[in-house]
Amino acid sequence: MSDDVRNDGYDDWLDALEGDQAFYLECTAGHGSLPPRRVCPECGSGELSETPLPTAGELDTFTVTHVPTPAFADDAPYVTGIVDFGPVRVTGRVLELDPDEIEPGLTVEATVIETDTTGERLVGFRPR
Ligand SMILES: [Zn+2]
C-alpha cells in the first residue's frame, strides 16, 4: 500500500486475516459483525471485542459473474460467495473451483487475494 487512503477498520481486518489473526467483532450479547463497526448492527451495543474468527466456514450462497464492472474486467468469470462462519457471515471470492463444481455447504477457509484487474485486496475462500 503506498499513499492510498486506507479504509481503516477494513484494511486492518484484511491485514489480520493475511497474518492468520482473523477476527470478528463480538458484542456483549454474542452478535458477530466485521469492521469497520463502532456499534453492533443487531442490537446497537457499543461494546465490541475482537474475537478469533473460526478457521472454517460453510458456503451459504454464491453468484457467478460473467460480465463484470470495469474494475473487475480481467477477473471474470468469477464467483462471489457468502460464507457462514457461525457468528458472522463474510462475503468474498470463491477460489480454485469451476463455477460448476461449487455447491452450497462447501467448507472453505478465508484468505486475502488481490484482484487481477486493479490489484485491490479482497477476501478469498479456498476449499478445505
Ligand atoms: Zn449485538
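Is cysteine 27 buried or exposed? At 5% relative accessibility, cysteine 27 counts as buried (buried is under 20% relative accessible area, exposed over 50%, partly exposed in between, with a 1.4 Å probe and protein chains only).

## Basis

This is a predicted model, in which local features need pLDDT of at least 70, side-chain atom pairs count only at pLDDT 80 or more, and totals for chains, interfaces and linings use all residues. Residues are numbered from 1 along each chain as its sequence is written, and side-chain values use heavy atoms, with hydrogens and water left out.

## Zinc site

The zinc ion has the protein donors Cys27 (SG), His31 (ND1), Cys40 (SG) and Cys43 (SG), at 2.1 to 2.3 Å. Donors are N, O and S atoms within 2.8 Å of the metal (3.2 Å for Na, K and Ca); water is not among the atoms, so sites may look incomplete. The donor residues follow the spacing C-x3-H-x8-C-x2-C. Histidine 31 is partly exposed, at 26% relative accessible area.

The 4 donor atoms subtend angles of 105 to 114° around the zinc ion, so the arrangement is tetrahedral (four donors with all angles between 85 and 135 degrees).

## Nonpolar core

The largest nonpolar core has 23 residues, and Trp13, Leu17 and Phe85 are among those with the most contacts inside it. Such a core is a set of buried Ala, Val, Leu, Ile, Met, Phe, Trp, Tyr and Cys residues joined through side-chain atoms within 4.5 Å. Domain 1 (1-53) and domain 2 (54-128) both give residues to this core, so it lies between them; the domain bounds come from an automatic or database domain assignment.

Technical notes
Four donors count as tetrahedral if all angles lie between 85 and 135 degrees; four count as square planar and six as octahedral if opposite donors are over 155 degrees apart and all others between 65 and 115; anything else is irregular.
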